[in-house]
Amino acid sequence: VGNAGILVGATGVILIDTGTSARQARQLLADVREITAKPVVLAINTHQNPAFVFGNGTLRAIGVPILAHRETDALIAQRCMRCLKQLREALGQREMEGTDFVRPTQTVEQSTSITAGGRTIDILYYGATSAPGSIAVYDRASGVLFGGGMVAMDRIPDVKDADIGQWRAALRTLQAIGATRIVPG
């Protein structure tokens, strides 16, 4: 299970990562409703790990655009059907009921700033770090940095797709941002 984020803007909500299943995505949406009645206007997949992308189908079904880096989208296309099959075997059909393989609807290729729901965020891309296409999301208003797959705390990070040198350089750059809070993936 990975961390997800909820950013409430003046006119809508941005979700950072979508969970391991349709059930988790529905719970995330219920959590949003406890905070605000504003609509979810964007979801972001910070990387391809199954704990962060299998809520995409639930969000797409209600018209929420899903953004990821182009390389993350390629990894989702290449790997996630197999991952979904393995999750269904490991967690059971009941837990994974309604969970679909859904790719992002929008992609980026480099760092950029975007405004959604009345909130400006920075999408930070440093090349192949923890995995190809891994991004971090920095919310300027709160100073919160969502590290996605690039940031792990109290656990050994997954390095199977990592470029360790590039990753370490990215972490130094992320540290220099001076975020008030860092949310690990």
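**Notebook: a sheet and a buried histidine**

I began with strand 9 (residues 144-148), which pairs with strand 10 in the parallel sense over 4 bridges. For me, two strands pair if DSSP finds at least two bridges between them; strands (E, at least two residues) and helices (H or I, at least four) are DSSP runs, numbered from the N terminus. I looked up Leu-145 and found Ile-182 as its bridge partner in strand 10.

This is a predicted model, so I kept local features to pLDDT of at least 70 and side-chain atom pairs to pLDDT 80 or more, while totals for chains, interfaces and linings use all residues. Residues are numbered from 1 along each chain as its sequence is written, and side-chain values use heavy atoms, with hydrogens and water left out.

Next I traced the sheet: 5 strands, open, order 6-7-8-9-10, mixed pairing. Its edges are strand 6 (112-116) and strand 10 (181-184), each pairing on one side only.

Then I went to His-47, in the loop between strand 3 (40-44) and helix 2 (56-61). His-47 is buried at 9% relative accessible area (buried is under 20%, exposed over 50%, partly exposed in between; 1.4 Å probe, protein chains only). Leaving out residues up to four places away in sequence, I listed what His-47 touches, including Asp-17, Phe-52 and Ser-134 (contact means heavy atoms within 4.5 Å).

I followed up Asp-17, which lies in the loop between strand 2 (13-16) and helix 1 (22-35). Asp-17 is buried too, at 2%. I also noted its phi near 70°, a positive value in a residue other than glycine.
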